[in-house]
Amino acid sequence: MAKPDPSLMVVGLNHHTTPVEVREKLAFSDGMLHHALPRLVEAPGIQEGAIISTCNRVEVVTWTHDPPQASRHIKTFLAQEQGLPLRLFEAHLYTHTDREAVRHVFRVASSLDSLVVGEPQILGQIKDAYSASASLGTLGTVLHRWFHKAFSVAKRVRSETAIAAKPVSVSSVAVELACRIFDQLTDKTAMVIGVGEMSQQAIRQLRARAIGTLLITNRTFQRAVELASTCAGTVVPFEQFPRQLHLADVVIGSAGGSAYHLTPERVHEALQERKRRPMFLIDLGVPRNFDPRLNDLENVFVYDIDDLEQIVADHKGERELEARKAEAIVSQEVEAFWQWYASRDISPTIVALRQKAEAVRQREVEKTLAGLKDCSPETRRAIEGLSASLMNKLLHPPIGYLKHRTRNGNAEDGATSVTAVRQMFGLDDDQD
Amino acid sequence: MEIVLLTSTLVFYLLSTVGFLLALVSPQQLFGRIAPGLLLVACATHGGAIMVRSLSVGYIAVTNPYEAVSFFTWITSGLFLLVQWRSSLTVLGAVVSPIGFVLTLGVFVLYTQARALPPALQSSWLPVHVTLAFLGNAVFCVAFFASLIYVFQEKRLKGKKIGGVLRHLPSLETLDKLNYRSLSWGFPLLTLGIVSGAVWARHAWGHFWIWEPRPILSLVSWVLYAFLLHYRSFGWRGRRAATLTIVCFAVLLVSFLGAQLLPGRHGGEFG
């Protein structure tokens, strides 16, 4: 039975194929990886290995000399490491080999396979997976190169496309808009009316942009105090917030109620008190908290939830367009990596072929020259040149054939060609 | 030599225009780094052309429409570069480079041979008055473009249209600050320009003030800018301040360009 060819392989599952209740059971913690990775590469047929484990995916990346055996082993390995029956997740598993495996890893690193296309966290998670495997010595030349190439592809995608240029959540869009109005947020004051989930998300975004002062107000005072304690905010009693409105550069409303909390008259007073410095009002409430007529006031900008969701939808659409450009970059890079991967097998064969031909040439030239009496230096140079030219012309077709088969065919084609050339020219023989 | 330098200037204004526009539409940050360099080269060659002309005539070359437009273009581009260097406002470069290119094209149309300076203008007040006046105009030009971008950006934000080029624009606050800072620098320069012009007029023609279109329009601009600065200190900001800045600059531009064509001592051949 013929020996299987070496392969690049990814076996795993992700958010496209697997429900979260299964994914969470298969996730590896850092501690588990420390024990699992050495066991992964102990298996016969697996030369190098790494595990990518995030909340959306668990994937085993390997270079194997025996793909069928390695695939079986990885499935059993996952079941054993997590203490789960294989049937629980086997149907969700996918296997990619060779070019498709390379493409998959490049797409994952470039965030093209993410739940939110273009999100930046995945690259950091893959770098962590790489570092863990590298520190445990489970990577060799192939996986080192594969991962480094994945990092550079992700970087290229990020710099040559606008895939991550625009935010795609309501709260991040709101804060992004605030940055279109204000130079920076570090010296600004935000007032949050209401303590719902939307307010909390907006507060997280404001904190991430280092907002200067955070004022929190809510009908139920105690809930405002609780939220303020988690985000270093200052509580303003609900009845008093209109009197402190002039302090706020950004006002976020997500409180309930049927009446508008902010009216043009109230904001006009606040504007006069703050010498007409701009105010950005973000209305996250349904029904709305702020009177839409506020947008008619000079230096006041009002965005409601529909406006923000429309912007989010536009941004998602633009990310999809950028993702197409990114796919083209990934395809280019897959081919570049594949050429390296395929040619690393033929290089020794080409070198051996040249060495053998050169040895034969030199021996035959010496024999010929020994038979010629009174040979002039010009004649000697002519014979040397003729023999070298003949050798190069004869070697050109087999070397071209090897390169063509490895670059354009699959790994099996490449290996078959290498074997054929080695046998044909007796490169593995001890004698000529 | 002067023409060679002016031609190089034209080419580099064009290249920097392309660079700045690409910086606005492309995610590649490379263009944003290259474009100011190209504008700097344009400024250097333009400065060289003005210096060659000034050395050949023996006075600061600003005494006819060709020289005046060339000098104004150069000083404005230089000032924009300074603002760009301090604030990294790529969008300002995208405005000034094409204008630099168009005005330099105009300079070729207006080109005249160098000639001797009329006796009335042979005064040490010439470089003082001209430098102050042109520098003031260039600073107001910065305020004008900052205001123009402000009005555009504000309209888009009010209209909830935030896509396209808007994401490359500076924040409203940055533009408003730039406007105010430019006005604060430009107003004293304009004032000193008018005062030095009056002193020079006294030396040249025996009167501090001449009722001609150019000085009158300059005075109107001065009053408008004084009004604007006064109200800014009382809290005028945003769109209202930006709109008045645009109006003020329009009057200033009329006084600068229109006066070249209108009769009087500033008209046609300066002096």
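Leaving aside its neighbours within four places in sequence, A:Glu333 touches A:Phe106, A:Lys149, A:Val153 and A:Arg156 in this predicted model, where contact means heavy atoms within 4.5 Å. A:Glu333 belongs to helix H12 of chain A, and with a relative accessible area of 9% it is buried, a term that stands for under 20% relative accessible area, whereas exposed stands for over 50% and partly exposed for values in between (1.4 Å probe, protein chains only).

The model is a predicted one, in which local features need pLDDT of at least 70 and side-chain atom pairs count only at pLDDT 80 or more, while totals for chains, interfaces and linings use all residues. Residues are numbered from 1 along each chain as its sequence is written, chains are lettered from A and ligands numbered from 1 in the order in which they are written, and side-chain values use heavy atoms, with hydrogens and water left out.

Two packed helices are described by the angle between their axes and the distance between the axes.

| Helix pair | Angle | Axis distance |
|---|---|---|
| H4(A) (residues 98-109) and H12(A) (residues 305-371) | about 135° | 9 Å |
| H5(A) (residues 121-135) and H6(A) (residues 141-160) | about 160° | 11 Å |

H4(A) is oblique to H12(A), and their crossing is right-handed. The contact involves A:Phe106 of H4(A) and A:Glu333 of H12(A), among others, and its residues divide into 6 nonpolar, 1 polar and 7 charged; here Ala, Val, Leu, Ile, Met, Phe, Trp, Tyr, Cys and Pro count as nonpolar, Asp, Glu, Lys and Arg as charged, and the others, Gly among them, as polar.

H5(A) and H6(A), by contrast, are roughly antiparallel to each other, a word used for angles over 145 degrees, with under 35 counted as roughly parallel, 65 to 115 as roughly perpendicular and the rest as oblique. The crossing of H5(A) and H6(A) is left-handed, and the residues that meet include A:Tyr130 in H5(A) and A:Phe151 in H6(A). This contact of H5(A) with H6(A) is made up of 7 nonpolar, 2 polar and 1 charged residues.

Chain A as a whole has 14 helices and 10 strands, which are DSSP runs of at least four residues (H or I) and at least two (E) respectively. Its radius of gyration is 33 Å, well over the 22 Å that the globule rule gives for 432 residues, so chain A is more spread out than a compact globule; the rule is 2.2 Å times the number of residues to the power 0.38, and the radius is taken over C-alpha atoms.

Definitions and conventions:
Axes are lines fitted to C-alpha atoms, for helices over the stretch in contact, and angles run from 0 to 180 degrees between N-to-C directions. A crossing is left-handed if the near helix is turned anticlockwise from the far one by less than a right angle, and right-handed if clockwise.
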